[in-house]
Amino acid sequence: LGTSGIIAVVAAGILNVASPRTLDPAISRMNIVSTSVWRVLTFALNGTVFVLLGTQLPRAMQRTWANVTFDNGVLIGYILIITLLMLAARFIWVLSMDRLHRQRKGRITLDELRSCAVMTLAGPKGTITLAVAFTIPFSIPQRELLLFLACGVIVVTMLLATFVVPLIAPKKDDVAESEFDLRKANIDILRSVIEELAAHQTVENRAATRTVIRSYNERIARLKNKNESADDESSTALRLRATGWEKDYVLDLLEREEIDPLVGYRHVKRLSRTENLLQHHADRLSLQIAYLRLRTLVHAGWHRIAKVLPGDDLAERTQAERELRLRSNEHVIEKLQAELASPTSDEPAETISALILEYQRLVHTTRAASPSITAMANVADKAVDIQRQGLRLELEALQARYEEGRLPRAAYKRLRENVALMQIDLEDNL
């Protein structure tokens, strides 16, 4: 058509973006890589263009400004008139497209005019204008005058975008933005994901779920750069409660005489030592513990005598201790899972889930032998599925908080992009 080559390139780019695309995994991977590359190239090219603007603008303006052929006031008037015409054309175009796209009819509201004015003033960057101006051949008369006018329009539009747009743009709720804690919101979302994963774990996917929950705990730990001492105190208090639950459970079994007293008392004594280490004080005996200790001393004397007698089986006592550890640990896991699911719990979800993982590892170590390669591969495959589920739950939690107004748009967009990047990375590494 005989138009500018720069305009042809821009038109080709617009058509390429607007053209329908085939949805395919290979094409999606290529688009992701292509987008990253083009972002870097765009940043570099934009920087180069404005470096050229900074080097050419003083030279072009000095020569044209010093040329007595043109009155400087007239030149400034030309620049303002050209800028006004360009902005008027942009404003009319933006307003027409906005009403056409939103299918609006009737009178134009003040909010519409303000929105279109913001888009009009904030849109021009001057890159294409300067590129077109630099393509003007040196043989064209008054080339420096054209460069002067182009550079002047660019400077005026940049000044308008910098100083006028903030005055007419809708004001944000600065207080809400400043008071919003992105780190805390992210931690709350990750805790909700942990609770969902823990609630839906089964016997088949328990090992894979533990792996994924551990990764979420690590993400929360990285986000926590404050109140570390308070977190440690919370963890210690929860461990003491868990140890107390285990001790009460064993004492109840002893009272009902469902376990060997010697095995039960040894386990209670070990739990008491654990409490002492957590509380950093000497062993304190309750009346119940003292009674059990006295009763067990009698049983211990009998066991020492029976040990040397024929028929005593040390393996049976070892198996009894092993079964007691399994039962008590599983009891604590049930209590912790109930605590995690309770809406009135004051304990952080990552602290509870981390302790659940510890007890589950103890149960797994006590019950099972070393896993085979096939079992490890199955756990890895299931972990990928659980990771997908966790990221999906994270996106749903983000969307729900944003729709409820508990998450600002900027924070929602940032966290959603982080989850999208993790999804891409997960699929790329398969």
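Predicted model: local features only at pLDDT ≥ 70, side-chain atom pairs only at ≥ 80, totals over all residues.

Residues are numbered from 1 along each chain as its sequence is written, and side-chain values use heavy atoms, with hydrogens and water left out.

Let me start with the overall fold. The protein has 17 helices and zero strands. Both are DSSP runs numbered from the N terminus, a helix being H or I with at least four residues and a strand E with at least two. Of the 430 residues, 30% are buried. Here buried means under 20% relative accessible area, exposed means over 50%, and partly exposed lies in between, with a 1.4 Å probe and protein chains only. Among contacts with a separation of 6 or more, 77% join residues 24 or more positions apart; a contact means heavy atoms within 4.5 Å.

I turn now to the interior. A nonpolar core is a set of buried Ala, Val, Leu, Ile, Met, Phe, Trp, Tyr and Cys residues joined through side-chain atoms within 4.5 Å. The largest such core has 41 residues, and those with the most contacts inside it are Leu197, Tyr216, Leu336, Tyr359, Leu398 and Leu407. The elements that give two or more residues to this core include helix H9 (182–199), helix H10 (206–223), helix H14 (314–341) and helix H16 (373–403). Its largest share, eight residues, comes from H9. Leu398 shows how such contacts reach along the chain: leaving aside its neighbours within four places in sequence, Leu398 is in contact with Ile189, Leu407, Tyr412, Leu415, Arg416 and Val419. Apart from this core lies another, of nine residues, among them Tyr249, Leu253, Leu254 and Val263.

Which residues form the aromatic pair, and how are their rings arranged? The structure holds one aromatic pair. The rings of Tyr402 and Tyr412 have centres 4.3 Å apart and planes at 10°, so the pair is stacked. By the criteria used, rings of Phe, Tyr and Trp (its six-membered ring) pair if their centres lie within 6.5 Å; planes under 30 degrees apart count as stacked, over 60 as edge-to-face and the rest as tilted. Tyr402 belongs to helix H16 and Tyr412 to helix H17, ten residues apart. Tyr402 is partly exposed, at 26% relative accessible area, whereas Tyr412 is buried, at 8%.

Next come the spaces. On a 1 Å grid over the protein atoms alone, a cavity is a set of points where a 1.4 Å probe fits but cannot get out, and a pocket is an open set with protein on both sides within 12 Å along at least five of seven lines; lining residues have an atom within 4 Å of a point. Grid points are joined across faces, edges and corners, and a volume is the space filled by probe spheres set on the points.

The largest pocket has a volume of about 850 Å³. Its lining has 21 residues, of which Val9, Gly13, Trp38, Thr42 and Leu45 lie nearest the centre. Helix H1 (5–18), helix H2 (25–66) and helix H5 (127–134) each supply at least two lining residues, and the largest share, ten residues, comes from H2.

The largest cavity has a volume of about 40 Å³. Its lining consists of Ala198, Gln201, Arg210, Ile213, Ser353, Ile356, Leu357 and Gln360. H15 gives the largest share of that lining, four residues.

Finally, some single residues. Asn329 lies in helix H14 and counts as buried, at 6% relative accessibility. Not counting residues up to four places away in sequence, Asn329 touches Glu246, Tyr359, Leu362 and Val363.

Two loop residues have positive phi without being glycine. For Gln142, phi is near 60°; Gln142 lies in the loop between H5 and helix H6 (143–163) and is partly exposed, at 45%. For Glu257, phi is about 55°; Glu257 lies in the loop between H11 and helix H12 (261–279) and is exposed, at 61%.

Thank you for your attention.
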